[in-house]
Structure formats: structure tokens, C-alpha cells
Amino acid sequence: MLNPVSAPAPHAPLLSVQGLGVTYETGAQGFWGRPKSFDALQDISFDLHAGETLGLVGESGSGKTTTGRAVLRRIKTSAGKIVFKGNDITRTDGEALRKLRRNMQLVFQDPYSSLNPRMRVIDIVAEPLLVHGLIRHVDEARDRITELLRVVGLPADAHDRFPHAFSGGQRQRIGIARALALQPEFIVADEPVSALDVSVRAQVVNLMQDLQKELGLGYLFIAHDLSVVRHISHRVAILYAGRMVEIADRDDLYDHPIHPYTEALLSAVPVPDPRTQRQRKRIVYGGEVPDLVNPPPGCRFSTRCPLATEQCRKDAPKLTERSPRHLVACWNR
Amino acid sequence: MNISAMSNNEPLLEIDRLKVEFDTRRGLVQGLRGVTLSIGRGETLGVVGESGSGKSVTAQAVMGLIDMPGRIASGDIRWKGRSLLGADGERYARDIRGKEVAMVFQDPMTSLNPVLRVGTQIGEVLERHLGMTRKQARTRSEELLAAVGISAPGRRLDQHPHEFSGGMRQRVMIAMAIACEPQLLIADEPTTALDVTIQAQILELLAELQQSLGLSIVLITHDLGVVAGLCHRVAVMYAGQIIETGQAEDVFERPAHPYTQGLLRSTPRLDEVSDRLISIDGTPPNLVTPPDGCSFQQRCPLSGEACKKAPQLAHIRPDAEAACWQPSTPAWATPLMTPSISH
């Protein structure tokens, strides 16, 4: 059970994920068939410290959103351990889980569908406080919400307006204010800026960085945009088809990628500078992400990898440390 | 990749002071407010802008896709010197659209008919525009799928769109677009819905097709990186107008308009570590009641008295234009922190 008073050791991570796995069930094969299942996530491990951002990158179906949800205990895990502030929370439930959730919040991708159009901004931001029984009526939190709205850079008269009165960037600020209402230490941000225009995206990225500095928040920043991830993250993990292929400190990963998939992924991102972009060596691998219901045996990248050998097609490589803090799952690199 | 411009003097497509309006419940939205553009043979033009800047409306106007409640209020669109507007123009436009000018849309999931086999859909284009028989069309469709990099094209022709992945569907869309060997391909955010490695494959394909078919391409995108890799020339749009245009290298290296400068500096780069991004405060203006004068003045750090009068696109170098009273002036200093928190 969660023991909220135990303080973690000084350098202990805020969040430690060890060998996490998630299995999803698909429909039954045939009328009498047993439900089939597949591994959406396998063997995911990482540490996240307070005040640190871990960028979680991958293409569609790589399992990044699943990782975020599993860590927040929103979906069932099938393997591994989640340790939050020194406490194993993998099996926490009931009232303890409710209390735990105050400390872990989620910011969503789509600022249009993640805010209830019939609620005023003040009700949206106060809802977590009501749900967790910290206030009995919205009016009790008015001052606090005024402060939150100021902090996220919304106009003072935003309180009594409805979401439709705000632009995409402002709505994302409302979503962030809602996530901050319970004073969490850990926030999962699932593609928080992907739906925003470039100039507005910068505003929200800057806001998230400022909040982190002020409040010492730990972010799990899920995104497919490698440029934004490089800007905001301290450490970066690359997922491919439900497995982690590489994790390292930000600059180490971007400047010295080791896994062939990371290399290809980085080389595929266009740089907004024609001269540089035309000189960059692009590694374009054919093929596409394998079907997770019938994944290839062994390394899941082996179907597209130019280095793949017999071993790769048979056994899945484990993440191993190649240089300090730089882990890679590959047989040939 | 060789991307030196191969254009000769006569432009293929000219858009001349085009104005497009949409009659909505909120009032008359001025979607395009006097857009002038031209594109030469073999050239790739990138049209960059944020949502609502008018980049897609420009493409739709060329393809005749502006429907009620929208209408072309004034201006002209010319293909090889002949207008596509008016009664005569409409007849001419019907001949060239889909044949000499083709378009690829953003969302390959919704632009294919889900109940028809892919082969039927490509064949339809060939039968209608080129008068092929069904058998000829099938052979040609197979060649086209092979040309856009789809393996086992004969078998794939008999499949339905749901059996294709996103990247493969976009390849099918491109195959349909190049079916009649067009001279101009308009691609509206062709890779926005795709993963980055798949995006790289599609951009590679477009560059190859441009080389092998001598295509001109208008690439509409919000992604400055995509433009940098593929385009000779860039036009930057803001609030229904073009505010800067020039050679791609120049615009990226020496952006003249404060908006272009801000856009480039607010985009994080893969090959650089920056402490803080420039953020352009505020949002684009409402196009029902666009401001008098420069449309960027409310967000511009340089704005002054002069900006109350609208600047026109004017030459800042022989092949570069900007619509600004103080072009090429550095507009953005290091950004400030947002207000601090008292808990």
C-alpha cells in the first residue's frame, strides 16, 4: 500500500518504471474462439527525476500513449513495476490510488475535445479540486483559480467564459491550469503541442518550461515531433512497435544515436534550413511498422533493418548500457 | 538531389490579386485578400502559413473547389496565360483540371472512396480524362502504382483502401494525381497525417517525380522543414495575404518580414539546442473585420505609426519581396519569462 509520508532518498527518482508491459485483448477469433491478446508494450524501463523532462518519442502505434496511461495507472499493466516516490504503485488501488492521482496529472493533445464546451473555465479548472473533495463549492477556490489562470497566462476575465471563446493555444493553457490545480509533482503531457500552430506552440512550450523551473515538475513528454522533444527534454527515449530501442541524455541521443532506427528517425526529420537540409544524409528505410498482433519474432525492427541477421530475427535484444546513461537494444551496434 | 530551378520565362500558373470571400453567419470572411503568385515550369513553390492564413483556399481556388458559401470576389487565375474564371474560363478549366493540374490532399483516409477497389478508382481517372479502355486503364494503373513505389501492384489494384496503410494510401493518391501526366501538382499538406519516416519516403517520391516528369509542384504546408528540403521558392502567407516571397535559401537565411523571422525562430530545430523559443504573442486577426493597415501589427514588435497603412509586397532584393514598412530589421529580442508563481 502507498505510504504517503515516506520521503524518498535525496537522489531517488520521482518515478521509476521497471520492465513495464501492457497486453491488449482483441476480439475473439470466431464465435467460440478464445479472445486473442497482443503485447502493446514490452519491457519498458526508465527513471524520471523531479524537475526533469523525459521525452518519449515514437511513431503511431509505438506505444507512447499506452506508456503514459500505464504509468498513471489508467490501464492495466501485465508485467513490471511502477515506483513513484519510492513506493511501488503497481498494485495500489481504492482510496490510496485516488490520493496518488492528485500527484500525477495528464495534459491532453487536443485542446478542442478535452474541454467540456458546456462548462465555464472556472468550473473546468476547479473540477479536479471538487472531485478529490478538496473544496465543496467552486467559489471556495476562486482566488486559487485566479492565480492559476494568471500563471498560465490567461486574461483575468477568463473565469466565466466558455472554451469556445478561446483559441487553441489558450485552450491548451486551460488544460494546463486544470492539471496544475491539484499541485501535482508529475505530469504526463501527451502530444500537448501537436495540434497547435508553430507560433502558438512556442508559447505553450515556453510556459511548460517555466512551470517546470518554478514548481520542480517532472514531465513525461510524449510526442512524435523530434525537434520539439530535443528542445524541451533532458532525457529522451525512443519506442518502436511497443519496445524501447534507445534511451539517453538528450544531446547524446541526438548527436550520437546508436540504434539503426533512431538513426533513420532522426535523419528523416527535415531541418528548416535549405542549405543544411540538402546536405543532410537521409537514411530512408522502406517498409512500415509491423503489425503488433502478429509481430515478427526477435527484434521488431528486423523487418526493416539493413543490419538484420539471423540472430535479430530469432531473439529480441535487451536494452544494455553502451556508455554511461546511454542504453540501446540492438545486437549489431 | 538536384533542385536547381529549370523554369523558362513563361509562367505556367499565375494568380493575380485574387480575393476570395466566405459568407458565414459570423459575417463576410475575407479568406484571401489580394494574393498574387506565379509558378514556372519545373519549379517547386512552397506556400507556408498557419491555420487560416489562406494557403489551402489558394489551392482550392485554382482547382475550382471554392463552393458556396465561398466565392471568388475579384482577381484572376491564369493557366498558360488564359483565364480560368468567367464562362469561357470555366470551360477551359474543366479541360485542364485533373489533367494538366492535379491535386493531392492532406488526408489520404478520406479522399479515397472506401467501397471501391483502388484499381477502379485509378482506372476511372484514366478512362474519363484519357479515354482509355478498361483493359488499357488497368495496365496503366499497374504501372502507376509501381511508379509511386507500391510493390506487387497487380495484386494491390484489387484491394480496397482500408487494406492500405496511411503512407501507401498517400502513394495511391499521388498515383491518381500523376495519372494524366500533369504539368503542375498541387500538394496540400501531403505528409501532415503521416509519421516522420513515412513522410521522408513521400517527400523523396515527390522529388523523384519532379525530376522524372519535369513536374512543377506547389507544396502547401505549415512545416518549414518540409519546405526547406523540397522547394526552390517560398511564399509566406498571413491573414489571407502573401507577406514575403523569395528563393528558399534567402527566405530562410535572411527573413525580411517580422512574421517570417518570428516563425523561423519559434520553430525548434533538430540540429540545434536553444534555451528558449521566440513566441509570437497573440493570435492572427479575425478576417471578418481585418485590421486597417498591416495585418501583423498587433503582434509585431516593430509596429509603429506607419503600419496603420497597409504595406504592399515590394522588392527588397531583385528576386525577393516583402510586405513590411521596415523589412529586414531584426524584430525579435530574447524572450522574457512568463510571470512567476506564488503558491
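1. In chain B of this predicted model, four strands form an open sheet whose order is E2-E1-E4-E5, and the pairing within the sheet is antiparallel. The edges are taken by strand E2 (27–39) and strand E5 (82–83) of chain B, each of which pairs on one side only.

2. Strand E1 (residues 13–24) of chain B runs antiparallel to E2(B), and ten bridges join the two. Within this pairing, B:Phe22 of chain B has B:Val29, in E2(B), as its bridge partner. Helix H1 (residues 55–62) of chain B packs on the sheet, where the helix touches E1, E2 and strand E4 (70–79) of chain B, and the direction of H1 makes about 110° with that of E1(B).

3. As to annotation, the UniProt record, an unreviewed entry, places the feature "domain: ABC transporter" at residues 13–264 of chain B.

4. Turning to chain A, helix H6 (residues 198–215) comprises 18 residues and reaches 26 Å from its first C-alpha to its last, which is close to the 26 Å expected at 1.5 Å a residue. How many of the 18 residues of H6(A) are buried? The count is 15, and the helix is accordingly described as mostly covered. Just after H6(A), the residue A:Gly216 takes a positive phi of about 65°.

Notes. Residues numbered from 1 in each chain as written. Chains lettered and ligands numbered in written order. Predicted model: local features only at pLDDT ≥ 70, side-chain atom pairs only at ≥ 80, totals over all residues. Heavy atoms only, no water. UniProt positions renumbered as here; feature names shortened; annotations may be inferred. Pairing = 2+ DSSP bridges. Contact = heavy atoms within 4.5 Å. Axes fitted to C-alpha atoms, helices over the stretch in contact; angles between N-to-C directions. Expected span 1.5 Å × (residues − 1). Buried < 20%, exposed > 50% of the residue type's maximum accessible area, 1.4 Å probe, protein only.
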